[in-house]
Amino acid sequence: MTRKGLVSLVGATLLCSVAVTLAALWYSGYRVYAVRSGSMTPTLPVGSLVVAGPVVDGAISPGDVVTFRAGNGDPSLTTHRVVAVMGDELVTKGDANSA
């Protein structure tokens, strides 16, 4: 096998491995989102990528960063830090927000 052929084979193998890994992560509930506002600056500057995964055993506590839909019919997502857990409700705030 020529060097060019070997490089092509290794490249194709890596590409397939990445595709299979990403498909498995997607199927498992992981998603990648781009940060589009400055509410989490400086922790997550605009343009950062966030990898959000499913919550394990409902274990969310203050200090965790979560990505969620507000539930008011708005399809947009918000990524904020949890500041309090009150029963089934989370109180969140962007790191750059005063309230």
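Reader: Before we start, what should I know about the numbering and the model?

Author: Residues are numbered from 1 along each chain as its sequence is written. The model is predicted, so local features need pLDDT of at least 70 and side-chain atom pairs count only at pLDDT 80 or more, while totals for chains, interfaces and linings use all residues, and side-chain values use heavy atoms, with hydrogens and water left out.

Reader: Which residues form the nonpolar patch on the surface?

Author: The patch consists of Val 18, Leu 22, Leu 25, Tyr 30, Val 32, Leu 49 and Val 51, which together have about 680 Å² of accessible area (Shrake-Rupley method, 1.4 Å probe, with only the protein chains shown counting as cover for residues). Patch residues have over 30% relative accessible area and no salt bridge, and nonpolar side chains (Val, Leu, Ile, Met, Phe, Trp, Tyr) are joined within 5 Å, like charges within 9 Å.

Reader: And which element gives the most to it?

Author: H1 does, with three residues.

Reader: Switching topic, how many salt bridges are there?

Author: There is one, between Arg 81 and Asp 95, whose closest N and O atoms are 2.9 Å apart. Arg 81 lies in strand E4 and Asp 95 in the segment after strand E5 (89-93), so the pair ties together parts 14 residues apart in sequence. The term requires a side-chain nitrogen of Lys or Arg within 4 Å of a carboxyl oxygen of Asp or Glu.

Reader: What about His 80, buried or exposed?

Author: His 80 counts as buried, at 12% relative accessibility, where buried means under 20% relative accessible area, exposed over 50% and partly exposed in between (1.4 Å probe, protein chains only). The side chains of His 80 and Ser 39 are joined by a polar contact of 3.3 Å.

Reader: Last one: which peptide bond is cis?

Author: The bond from Thr 41 to Pro 42 is cis, with omega near 5°, and Pro 42 lies in the loop between strands E1 (31-34) and E2 (49-52).

Methods
Helices (H or I, at least four residues) and strands (E, at least two) are DSSP runs, numbered from the N terminus. A polar contact is a pair of N or O atoms within 3.5 Å; within protein, one must be able to donate a hydrogen and the other to accept it, and residues adjacent in sequence count only if both atoms are side-chain atoms.
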